[in-house]
Amino acid sequence: MVFGGFEKCTLIDYPGKVACMVYTIGCNFRCPYCHNPELVDETVEVKITEDQVFDFLDERTKMLDGIVITGGEPTMHGNELIKFMKKVKEKGFLVKLDSNGTNPSVLKEAIDLKIIDYIAMDIKSPLSKYTQTVARPVDVAAIRESIALIMKSAVEYEFRTTVIKAQLSLQDFDEIGQEIKGAKKYFLQKFIPNKLLNPQFRKKATYSDEEFLLLQEKMNNYVKYCGVR
Ligand code: SF4
């Protein structure tokens, strides 16, 4: 695999762990608020090879707990991703995968092979609004399948939603809550208007702190823990 970005150390992207992070190239969604447009439209100039990542890991076996694989959408790389994760696990590192949930078969393979330790899946909106939210046609049955697969697996996980007021009404969260009912962890992520796929979204707002408290209270009726980031 070739990556479009690499961070040597992150203390915030893998809960409770010290990790490095690789960014895969390409995505099947076009979320207007995406912070990685160059990965999504595949114009990224920096390229990091798999061998470079493994050389780095070999030198850091005592310093790092694991690796975060984010994107873009990592599962678009199918077998290549699976092979990469296998090699990382063989080296003794934990693997966290960030995904938009569009490829349940890749998630299932990683879970069955026990080469994944943490899954963070985006829940972009109620399923009825997905296509509109991510600006691409979406197989919502696949999203639902990924949610079910993750929740019934023994792998640690979280679901998360980036919150933009113009995209998600307070009522929409009830529909999201129904889809992930009983989930262990769910995070509401405040939209931060910096580098965006659609620059027009820079003017969009997230909810107020008071409204986030209400949302948190609402979502805690559906999930075991709801946090705000
Ligand atoms: S936010 Fe994630 S799913 Fe959406 S376009 Fe960006 S990389 Fe793809």
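**Figure 1. The open sheet of the predicted model comprises nine strands**. In this predicted model, local features need pLDDT of at least 70, side-chain atom pairs count only at pLDDT 80 or more, and totals for chains, interfaces and linings use all residues. Residues are numbered from 1 along each chain as its sequence is written, and side-chain values use heavy atoms, with hydrogens and water left out. The strands follow the order β3-β1-β2-β4-β5-β6-β7-β8-β9, with mixed pairing. At the edges stand β3 (48–49) and β9 (226–228), each of which pairs on one side only. Strands (E, at least two residues) and helices (H or I, at least four residues) are DSSP runs numbered from the N terminus; two strands pair if DSSP finds at least two bridges between them. Strands of a sheet pair through backbone hydrogen bonds, either parallel or antiparallel.

**Figure 2. Strand β5 pairs with β4 and with β6**. Strands β4 and β5 run parallel and are joined by four bridges; within this pairing, Ile-69 has Leu-97 of β5 as its bridge partner. The pairing of β5 with β6 is also parallel, over four bridges, and here Asp-98 stands opposite Ala-120 in β6. Because five of its six residues are buried, β5 is largely enclosed by the rest of the structure. Ala-120 of β6 likewise counts as buried, at 0% relative accessibility. Buried denotes under 20% relative accessible area, exposed over 50%, and partly exposed the range in between (1.4 Å probe, protein chains only). The C-alpha atoms of Ala-120 and Ala-205, which are 85 residues apart along the chain, are separated by 24 Å.

**Figure 3. Strand β7 pairs with β6 and with β8**. Strand β6 (residues 118–122) pairs with β7 in the parallel sense over five bridges, and Ile-119 has Tyr-157 of β7 as its bridge partner. Five bridges also link β7 and β8, again in the parallel sense; in this case the bridge partner of Val-163 is Lys-190 in β8. Strand β7 is mostly covered, with seven of its eight residues buried.

**Figure 4. The largest pocket is lined by 36 residues**. About 1,000 Å³ of space lies in this pocket. His-35, Asn-36, Thr-70, Arg-160 and Gln-189 are the lining residues nearest its centre. Strands β2 (19–24), β5 (94–99), β7 (156–163) and β8 (186–190) each contribute at least two residues to the lining. The lining comprises 15 nonpolar, 10 polar and 11 charged residues. In this classification, Ala, Val, Leu, Ile, Met, Phe, Trp, Tyr, Cys and Pro are nonpolar, Asp, Glu, Lys and Arg are charged, and the others, Gly among them, are polar. On a 1 Å grid over the protein atoms alone, a pocket is an open set of points with protein on both sides within 12 Å along at least five of seven lines, whereas a cavity is a set where a 1.4 Å probe fits but cannot get out; lining residues have an atom within 4 Å of a point. Grid points are joined across faces, edges and corners, and the volume is the space filled by probe spheres set on the points.

**Figure 5. The ligand takes up the space of the largest pocket**. A molecule is assigned to a pocket if more than half of its atoms lie within 2 Å of the pocket's grid points. Around the ligand are Cys-27, Phe-29, Cys-31, Cys-34, Val-40, Gly-72, Asn-100 and Lys-124; a residue is included if one of its heavy atoms lies within 4 Å of the molecule. This shell divides into five nonpolar residues, two polar and one charged. Gly-72, one of these residues, is joined to Gly-71 by a cis peptide bond with omega of about 10 degrees. Gly-72 is placed in the loop between β4 (66–70) and α3 (78–90).

**Figure 6. Lys-114 and Ala-135 have positive phi values**. Most residues other than glycine have a negative phi, and most peptide bonds are trans. Lys-114 has a phi of about 60 degrees and is located in the loop between α4 (104–112) and β6. The residue is exposed, with a relative accessible area of 67%. For Ala-135, phi is near 55 degrees; this residue lies in the loop between α5 (130–134) and α6 (140–152). Ala-135 is partly exposed, at a relative accessible area of 41%. The C-alpha atoms of Lys-114 and Glu-217, 103 residues apart along the chain, are separated by 34 Å.
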